[in-house]
Amino acid sequence: MADVMGQNLPPKPDLTLSDSTIAGIDANNNYIRDDVELAIFEKYPDSAKIRSAMLQYAQALQLELTQVTSSETFVIAIQKYDGAGTCFIKVVINLFSADNPE
């Protein structure tokens, strides 16, 4: 929750260094590129639910790109990706429901 609420936000990375590898820079060690994490907070400053879904999705993609070295880690990455997708779909459905005040 601390990541979703912005309590662990990283400093703005040097884009030249960050873009020099797929992994980029991850100063707060949450498996999300710092530039991506900061972009999510910039785009969705008022919705912790959307940030949560987007951060989960970004983390799943980052893990898939940087940590998959065997069939076991591939399965874990796909499970994280599926969980992020499910969360994202629930958030979108909630945003467009008639009962949602947002």
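The following legends describe close-up views of a predicted model of one protein chain.

**Figure 1. Overview of the helical chain.** The protein chain contains five helices and zero strands. Read from the N terminus, its elements follow the order α-α-α-α-α. The C-alpha trace extends over about 45 × 35 × 20 Å along its principal axes. Of the 102 residues in the protein chain, 26% count as buried. Among the contacts with a separation of 6 or more, 48% join residues 24 or more positions apart.

**Figure 2. Helix 4 packed against helix 5.** Helix 4 covers residues 48–66 and helix 5 covers residues 71–95. Their axes lie 8 Å apart, and the packing angle is about 160°. An angle over 145 degrees counts as roughly antiparallel, and helix 4 and helix 5 are therefore roughly antiparallel to each other. The crossing in which helix 4 passes helix 5 is left-handed.

**Figure 3. Residues at the contact of helix 4 with helix 5.** On the side of helix 4, the contact is formed by Lys49, Ile50, Ser52, Ala53, Met54, Gln56, Tyr57, Gln59, Ala60, Leu61, Leu63 and Glu64. The residues that they meet in helix 5 are Ala77, Ile78, Lys80, Tyr81, Gly83, Ala84, Cys87, Phe88, Val91, Asn94 and Leu95. Sorted by class, this contact of helix 4 with helix 5 comprises 15 nonpolar, five polar and three charged residues.

**Figure 4. Ser52, a buried residue of helix 4.** Ser52 belongs to helix 4. Is this residue, Ser52, buried or exposed? The relative accessible area of Ser52 is 18%. Buried means under 20% relative accessible area, so Ser52 is buried. When residues up to four places away in sequence are not counted, Ser52 touches Val4 and Cys87.

**Figure 5. Helix 3 packed against helix 4.** The axes of helix 3 and helix 4 come within 10 Å and cross at roughly 160°. That angle makes helix 3 roughly antiparallel to helix 4. The crossing of these two helices, helix 3 and helix 4, is right-handed. Helix 3 contributes Val36, Glu37, Ile40 and Phe41 to the contact, and helix 4 contributes Arg51, Met54, Leu55 and Ala58. By class, the residues in the contact of helix 3 with helix 4 are six nonpolar, no polar and two charged.

Figure 6. Asn29 lies in the loop between helix 2 (15–18) and helix 3. Tyr31 is also placed in the loop between helix 2 and helix 3. Although Asn29 is not a glycine, it has a positive phi of about 55°. Tyr31, likewise not a glycine, has a positive phi of about 65°. How accessible are these two residues? With a relative accessibility of 61%, Asn29 counts as exposed. Tyr31 has a relative accessibility of 42% and therefore counts as partly exposed.

Figure 7. Glu42 is located in helix 3. Glu42 and Asp26 are 16 residues apart along the chain, and their C-alpha atoms are separated by 17 Å. Ser71 is located in helix 5. Ser71 and Met5 are 66 residues apart along the chain, and a distance of 33 Å separates their C-alpha atoms.

Key. Residues are numbered from 1 along each chain as its sequence is written. This is a predicted model: local features need pLDDT of at least 70, side-chain atom pairs count only at pLDDT 80 or more; totals for chains, interfaces and linings use all residues. Side-chain values use heavy atoms; hydrogens and water are left out. Axes are lines fitted to C-alpha atoms, for helices over the stretch in contact, and angles run from 0 to 180 degrees between N-to-C directions. Helices (H or I, at least four residues) and strands (E, at least two) are DSSP runs, numbered from the N terminus. Angles under 35 degrees count as roughly parallel, over 145 as roughly antiparallel, 65 to 115 as roughly perpendicular and the rest as oblique. A crossing is left-handed if the near helix is turned anticlockwise from the far one by less than a right angle, and right-handed if clockwise. Contact means heavy atoms within 4.5 Å. Ala, Val, Leu, Ile, Met, Phe, Trp, Tyr, Cys and Pro count as nonpolar, Asp, Glu, Lys and Arg as charged, and the others, Gly among them, as polar. Buried means under 20% relative accessible area, exposed over 50%, partly exposed in between (1.4 Å probe, protein chains only).
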